[in-house]
Amino acid sequence: MNSRHALLALLAGGLALAALPWLLSDFLLALALSCVMYAGLAVSWSMFCGPTNYLSLATAAFFGLGTYVTAWGAGALPYGLSVLAGGLVAAGFAALIGAAVLHLRGAYFAVITFGMGELVRHGITYYEKAFEGTVGRIIAEAPESTTVYWMVLLVSMGAVAAAVLVRDHRLGLALRGIGSDEERAQTLGVNARRSKIAAFALSAFFAGALGAAMAVRWTYIDPLTVFNPFIGFQTVLIAMVGGAQTILGPIASAVVFGLLTEFLRLQFPYLFLVILGFLLILLVLYLPGGIASLFERWRWRRGNV
Amino acid sequence: MSLWFELIASGLITGGIYAVVAIGLNLQYGLMRILNISHGEFLMLGAYLTWLAHTVLQVNPLAFLPVVALVMFVAGVLVYRLCFYRIVSTAPAVEVIEARSLLVGFGLLYLVQNLAYLAWGADLRGYSFLVETLEIGGARFNLNRVVVFGFAMAASLALLAVLRFTLIGKAVRAMMQSPTGAQLVGIDTKVLHPVVFGAGLALAGVAGALLSTVFEISPAMGEPYTVTALIVIVLGGLGSALGSLLGGFLLGLVETFGMHFTSPSLKMVLSYGVLIAVLLARPKGLFTR
C-alpha cells in the first residue's frame, strides 16, 4: 500500500469514527475516546521507536507536559490553541533532551528517558507547591465531551498520517537505516543526529497534543495523575504487542487493550491485571512480532494459495 | 559534628540496601541483557515471606534469611526457565532481548504484584523487631537499621567475593566480557544463566526480608526500589557489581544529605538529577574505566 492509498483509507476511517458521537451512548463514547487516545499515543511512539529500535519511556512526560500547558493556559487560550501549544511545548522539550541523550542506546536510553519524565513530574510538583501554593489545578470551563472526542480523534489521525508520511519519506528510510546499523547509515550520508532529533520531537508533538486535548476530561489535574508512568508503560506495551514496526498493529492492539481495560478493570481490578500480565508474557514468548505478524502470516498464506 | 556523622551513617544504611537490590539486577543485565523490571516485586515477596514467618510461626527474621534466599533462588530458576529462557535463546539480536525481556518484566510485575494484592490486600503490614536505640559516637540509631546495614553489607561483599575468587565467579566475569569466547572455552550457558538469575532474585528477596524488619510492607513497595536500582546500576556502570555497590552508597548519601539540606519532597528530583548529570558527563557510568 503506498502513501496515497493509506492516507485515503485513513480519511475514510476517520470520517466513520467522527460519526460515533451520534451513534453511541456516553459510556461507549468514553470507551471509544480511550481507544482513540491510546491508538494515537502508540502510533506516535512507534513512529520513532519502531524503525530505530530505541526504547523511549518518555511518553508520560510529553503527555503530562501537554496537560499542564492546557491547565496553565485555561481561560486565556482557546481549546484548539492550547492543544497546539501543548504539542509544541512537548516537541521542544523532546528536541532539547533528544539533543542531550539520543547518543545513548538500549537500556541507558530507556532509563534516562524514564528519569527525565520523573524529573519533570517532581519539578512541576515542587514548583506548584512552592510558588503557586497548590498541588493540583481545577479546569473550570471544559468543552463538551463530543468536542473533546473530535479533537482527540483529529490529533490521533494526524499522528497516523504523520507516521505514514514519515515511513514513505527520506526520514523514514534514514530511521530504518539507523535502526539496523547506525554507523553504516552515517557512512552512507545520513545525518543520524538530526534525523533522530527530528523524529523524536515529531513523535513527542502528538503525545503532548493528546495530553493537552485530554486534560479537560479530568477537570482536576495533579502531577501524579497526568505524569502517571502507567500511561507511558501502557503506550509501550500497546505499541510492542501490536508490532512497533507497523502502523496498523499498534492501532489494532490499542482497540483490544482499550476494550479489555475498560470492561474488566472496573469489575476485577486485581485479577484483571494478573490476567493482563499473564497474557503479555504469553504474547511476547509465542508471538514476538506482535499482532501485526498475524496479518502478515495471513497475507503470506493468501499469497501462496 | 554528630549531625554530619548521623547523616553519613544514615546515608550509608540506605545505600547499603540500594546496593543489594541493584547488584542482583545488574548481574542479570550484565550477563543476559535481561532488564528485569519486576525485580522489586520479588523484593516484595521476600518481605511478605518474612512477615508471614514472623507473625504466623514466630520465627526470627534474621534466622529466616537463608530460607528466603533459597526460596527466591528456586523461584528465580523457575522464572528464568519459564519466561526468559525462550527469549534469550530465540532472539536474533541483543537489542531484541532487551526489548522483549522488558515486556515480560512488565507482565511479571502486573502478575506478581496483583497476586499479592489478591492474597494479602492493600493494607500496610508490619511488625516490630529490635526497636531499641543504639548510641554510637554521640549519634543515635535504631538497632534494627544497624543490623540491616550489617547484613546488607555482608550479602553484597559475599557476592563480590564469589565473583572475584571462585571458579563460578570467574565464569560469570568471562561471560560478561565475551559471551562467545566464554562458550568456546567450555562455560555452560544453560547452567550459568539460571543460576545467576536465581542469585539475583535471592538478593532481592534478602533485601525485602531485611526491609520488612524496619519499614511497613505493602504489595506496591517493590516498584520504587526497582526504579532506584535502575538508577544505581546506570550510575555504577551496567554489568559492574562493584560499581553498583559504590553507586548505591553514593545515591544513599546524596539522598540523605539532599533531603536534609533542601526538602524531603525533592528526594526523587535529587536522584534523577544525579543520574542525568552522571549520564551526560560519563555515559558509561561513574566507575568504569
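Predicted model: local features only at pLDDT ≥ 70, side-chain atom pairs only at ≥ 80, totals over all residues.

Q: Is Q28(B) buried or exposed?
A: Q28(B) has 27 other C-beta atoms within 10 Å, and 20 or more is the cut-off, so Q28(B) is buried.

Q: And which residues is Q28(B) in contact with, leaving aside neighbours within four places in sequence?
A: Those contacts are I34(B), N36(B), V196(B), F197(B) and G200(B).

Q: How far apart are Q28(B) and H193(B), in sequence and in space?
A: They are separated by 165 residues in sequence, and from C-alpha to C-alpha the distance is 8.3 Å.

Q: Moving along to R33(B), where does that one lie?
A: R33(B) is in the loop that links helix 1 (2-32) and helix 2 (39-57) of chain B. Its phi is near 60°, which is a positive value in a residue other than glycine.

Q: Is R33(B) buried or exposed?
A: R33(B) counts as buried, because it has 22 C-beta neighbours inside 10 Å.

Q: What about Q58(B), what is its phi?
A: Q58(B) has a positive phi too, about 55°, although it is not a glycine. You'll find Q58(B) in the loop between helix 2 and helix 3 of chain B.

Q: Buried or exposed, that Q58(B)?
A: Exposed: Q58(B) has 7 other C-beta atoms within 10 Å, whereas R33(B) is buried.

Q: Let's zoom out. How many helices and strands are there in chain B?
A: Chain B has 11 helices and 2 strands. Reading from the N terminus, the order is α-α-α-α-β-β-α-α-α-α-α-α-α.

Q: What is the radius of gyration of chain B, and what would a compact globule have?
A: Chain B comes out at 19 Å, which agrees with the value near 19 Å for a compact globule with 289 residues. Its C-alpha trace spans about 55 × 45 × 35 Å along the principal axes, and 50% of the residues in chain B are buried.

Q: How many contacts in chain B join residues at least 24 apart, as a percentage?
A: That would be 77%, among contacts between residues at least 6 apart in sequence.

Q: OK, at what angle do helix 5 and helix 8 of chain B pack?
A: The angle between helix 5 and helix 8 (residues 189-212) of chain B is about 170°, and their axes are 10 Å apart. Helix 5 of chain B is therefore roughly antiparallel to helix 8 of chain B.

Q: Which residues meet there?
A: From helix 5 of chain B you have V148(B), F151(B), A152(B), A155(B) and L159(B), and they meet L203(B), V206(B) and L210(B) from helix 8 of chain B. By class, that contact has 8 nonpolar, no polar and no charged residues.

Q: And where do helix 5 and helix 6 of chain B stand, at what angle do they cross?
A: Helix 5 (residues 143-165) and helix 6 (residues 167-177) of chain B cross at roughly 80°, with axes that come within 5 Å. The two helices are therefore roughly perpendicular to each other. Helix 5 of chain B brings V162(B), L163(B), R164(B) and F165(B), while helix 6 of chain B brings G169(B), V172(B) and R173(B). This contact has 4 nonpolar, 1 polar and 2 charged residues.

Q: Now chain A. How many helices and strands are there?
A: Chain A has 15 helices and 2 strands. Its radius of gyration is 19 Å, close to the 19 Å that the globule rule gives for 305 residues, so chain A is as compact as a globular protein of that length. Of those 305 residues, 48% count as buried.

Q: Last one: which residues touch the most other members of the largest nonpolar core?
A: Those are V152(A), L210(A) and V21(B), in a core of 190 residues. Helix 10 (residues 192-218) of chain A supplies the largest share of this core, 15 residues.

Conventions:
Residues numbered from 1 in each chain as written. Chains lettered and ligands numbered in written order. Helix = DSSP H or I, 4+ residues; strand = E, 2+ residues; numbered from the N terminus. Rg over C-alpha atoms; globule rule 2.2 N^0.38 Å. Buried ≥ 20, exposed ≤ 12 C-beta atoms within 10 Å, placed from the backbone. Axes fitted to C-alpha atoms, helices over the stretch in contact; angles between N-to-C directions. Parallel < 35°, antiparallel > 145°, perpendicular 65-115°, else oblique. Contact = placed C-beta atoms within 7 Å. Nonpolar A, V, L, I, M, F, W, Y, C, P; charged D, E, K, R; others polar. Core = buried A, V, L, I, M, F, W, Y, C linked by C-beta atoms within 7 Å.
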